[in-house]
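Take a look at the model below.

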Amino acid sequence: MSDARLVVALMAAALTFDAASLRGQTSTLAIDSLLRRVHTLDSSLIVRSRALDSVRRSLIRAVPPVDVRRGAMQVRTTADLEPRVRTAVDSVAVLIERRGGASLAARVAAHVPLVARDSTRSIFGAVPVLSFASDTSGRWPSTTHRPIPASATSAEVADALAGMVEQFALQGVDSAFGAWIMVGRVPLRPARPSEAADGYIEIMTAESAALRRCQSGDKESCLDVLGVDSLPGARLARWYAPQDYRTLLRAVAPAREDSAAVAAWVRCREDRDEPACVVAATSLANDRVPTPLSATARVTFLREVLEAGGANAYERLVTTDGSVRTRLTEAAGMPLDTVVGRWRARISESRPERMRLRPGLIVASLGWTGALLGLALIRRGPWA
Amino acid sequence: MFGQTLYTQWKWNRDFLAFYTAVGFAAPLVILWIALPHLGLTSALELVSVGNAVGMTTAVIASVAGLTVAWQGYGIDDRVGHIYALSLPITRRRALAMRAGAAALVLALPALGVWVGATLAAGQVALPATLHSYAGSLASRALLAAWLAHACMFALRYSAGRQAKMVLATLLVGLGVLGIAVVLLPPVRGALSSGYAFLISNPGPFGVLFARWTLIDV
């Protein structure tokens with residue numbers, strides 16, 4: 001066996017060996033404790049498998065040679081990708097300077113993202129892609145980004161890198177705020193039109209009494225459904241009215257131990273039995289009642305906070321200590337009620353009007369219809 | 001002469017037109033009658049889903065109506081050796097232009113059926129304040145889609161003549177080959193995807209067919 005293979009084999013053995021696993025084979029009478037032990041060993045195995053995979057990757061794939069650097073942003077890539085990556089890094093560095101300031105620059109500088117050619121499986125063979133890793137030095141990436149097509153433009157590469165920067169931006173921020181935002185990133189890029197339209201559709205079609213109050217101007221209810229503040233009372237009473245229960249029960253079911261509630265849940269869903277809906281909904285534990293709004297709505301609200309706060313909003317967001325409300329208020333530099341008003345106004349302006357017949361569509365459709373008819377008319381030959 | 005052409009078109013297609021107009025009228029009502037008892041008039045998201053179902057059905061009806069009228073017009077003429085068309089004291093181009101104009105007029109009937117049916121259906125639903133019905137917009141799209149589908153078949157039949165089936169088969173095979181090329185040849189995938197995106201989006205030729213079709217939306 002060669003030296004390199006011996007080293008790899010020894011490393012693999014060292015990483016996968018766990019003396020505790022031997023003790024895990026001793027019999028224990030309590031089934032629950034055995035199950036817990038199995039879960040612990042599973043977790044241990046997953047962690048060690050990841051470590052082993054990262055060692056394999058580092059042995060097989062060298063770090064790309066080209067170093068592209070601009071401001072706090074440093075990226076390693078290959079020579080053929082350098083022009084696209086350089087343009088992308090320039091635009092991302094501008095984003096960091098404008099929206100993030102020193103705090104974001106420090107977080108970004110702690111990483112050296114990697115952009116390289118790779119391939120991914122498709123139905124018929126492999127497809128070339130550009131893969132992104134957040135670190136060249138770490139054993140495994142601290143953030144992830146799905147690959148993009150190998151033919152991606154510099155703008156698409158910039159978008160992918162900016163997505164990683166948004167994930168870096170949440171690193172080191174306290175867990176309560178991380179849990180509130182749910183998606184693991186701070187929205188620094190401008191919102192896409194489809195994102196705003198999706199937000200509008202979600203808010204206008206979500207069935208929640210609290211959301212309806214929010215739409216009619218009750219800012220406290222808005223902050224409640226956004227998870228910033230909690231109004232007094234149980235979640236079910238605060239967020240949902242009885243007419244919303246049937247839709248709510250499509251998303252969540254009572255605990256399976258409560259057979260009466262489960263039977264009511266089935267009647268509610270299948271027979272549209274309103275009293276059964278009430279029984280099933282009221283049997284839900286408070287922490288099982290889902291929030292009326294998705295994480296996307298919180299992202300749009302956080303984006304509004306950052307835009308209201310101006311250039312140093314991100315800095316204040318991550319350096320302020322305290323509750324989510326305190327952080328958001330400091331970041332926005334204005335009362336949250338005002339931000340809620342701005343957020344609601346922006347949502348209202350984002351109505352997609354998907355069914356409006358635009359003149360461009362009519363002209364194009366009539367134009368193509370005329371062109372196709374013209375194709376038949378210009379033929380000079382016989383009828384058949 | 002145009003009146004005579006219009007009458008001929010009507011005579012050839014009235015059964016089909018009556019069928020598509022009736023289906024276009026009934027589809028929104030039937031879909032809502034089936035769906036509403038399950039929704040209980042409360043679910044905004046589900047009402048949007050039902051609106052989508054009505055919209056998709058309408059798109060199919062309008063397209064098939066357009067294709068049928070073009071196919072039927074040429075088919076009847078072709079079976080008798082185009083004697084009727086040849087007997088007219090006008091040029092081929094003028095006759096075809098009048099035939100296309102007459103088809104455009106009669107294709108307004110299924111769209112009218114859609115509009116009346118969709119308006120009645122929307123009137124039966126107590127829509128939440130956040131939702132709106134789009135019966136007029138849906139009928140307008142149906143008319144545009146019917147005209148476009150008619151023009152596609154009209155161009156195929158009168159340009160290719162008796163080779164129409166072969167041309168159609170070639171087009172279908174060509175599309176299949178392009179579909180396989182997208183999967184097997186990654187380098188051309190970008191260009192083909194861009195071409196496909198152009199075809200199905202505004203201002204591409206089939207933008208109106210692949211735009212949003214719904215009766216109920218935000």
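The model is predicted.

**Domains of chain A**

Between them, domain 2 of chain A and domain 3 of chain A bury about 610 Å², with 37% of it on carbon and sulfur atoms. Three residues stand out on the side of domain 2 of chain A. Arg99(A), Ser103(A) and Ala169(A) supply 59% of the area that domain 2 of chain A buries against domain 3 of chain A, more than any other three residues.

What of polar links? There are zero salt bridges between domain 2 of chain A and domain 3 of chain A. Three residue pairs are in polar contact across this interface.

**Chain A against chain B**

The contact between the chains draws 41 residues from chain A and 61 residues from chain B. Some values for both interfaces follow.

| Interface | Buried area | Share on carbon and sulfur atoms |
|---|---|---|
| Domain 2 of chain A and domain 3 of chain A | about 610 Å² | 37% |
| Chain A and chain B | about 4,300 Å² | 63% |

Two salt bridges are counted between chain A and chain B. One of them joins the side chains of Arg354(A) and Asp217(B), at 2.5 Å from N to O. The chains also share 14 residue pairs in polar contact.

Which elements of chain A give two or more residues to the side that touches chain B? They are strand 4 (125–133), helix 7 (193–205), helix 11 (245–251) and helix 18 (359–377) of chain A. Helix 18 of chain A gives the largest share, 13 residues. By class, this side of chain A has 24 nonpolar, eight polar and nine charged residues.

**One residue in chain B**

Gln9(B) sits in helix 1 (residues 2–39) of chain B. Is Gln9(B) buried or exposed? Its relative accessible area is 4%, so Gln9(B) is buried. Leaving aside residues up to four places away in sequence, Gln9(B) touches Val69(B), Arg99(B), Ala102(B) and Ala103(B).

How values were computed
Residues numbered from 1 in each chain as written. Chains lettered and ligands numbered in written order. Predicted model: local features only at pLDDT ≥ 70, side-chain atom pairs only at ≥ 80, totals over all residues. Heavy atoms only, no water. Helix = DSSP H or I, 4+ residues; strand = E, 2+ residues; numbered from the N terminus. Buried < 20%, exposed > 50% of the residue type's maximum accessible area, 1.4 Å probe, protein only. Contact = heavy atoms within 4.5 Å. Buried area = accessible area lost by both parts, 1.4 Å probe. Salt bridge = Lys/Arg side-chain N within 4 Å of Asp/Glu carboxyl O. Polar contact = N/O pair within 3.5 Å; in protein donor to acceptor, adjacent residues only side chain to side chain. Nonpolar A, V, L, I, M, F, W, Y, C, P; charged D, E, K, R; others polar.
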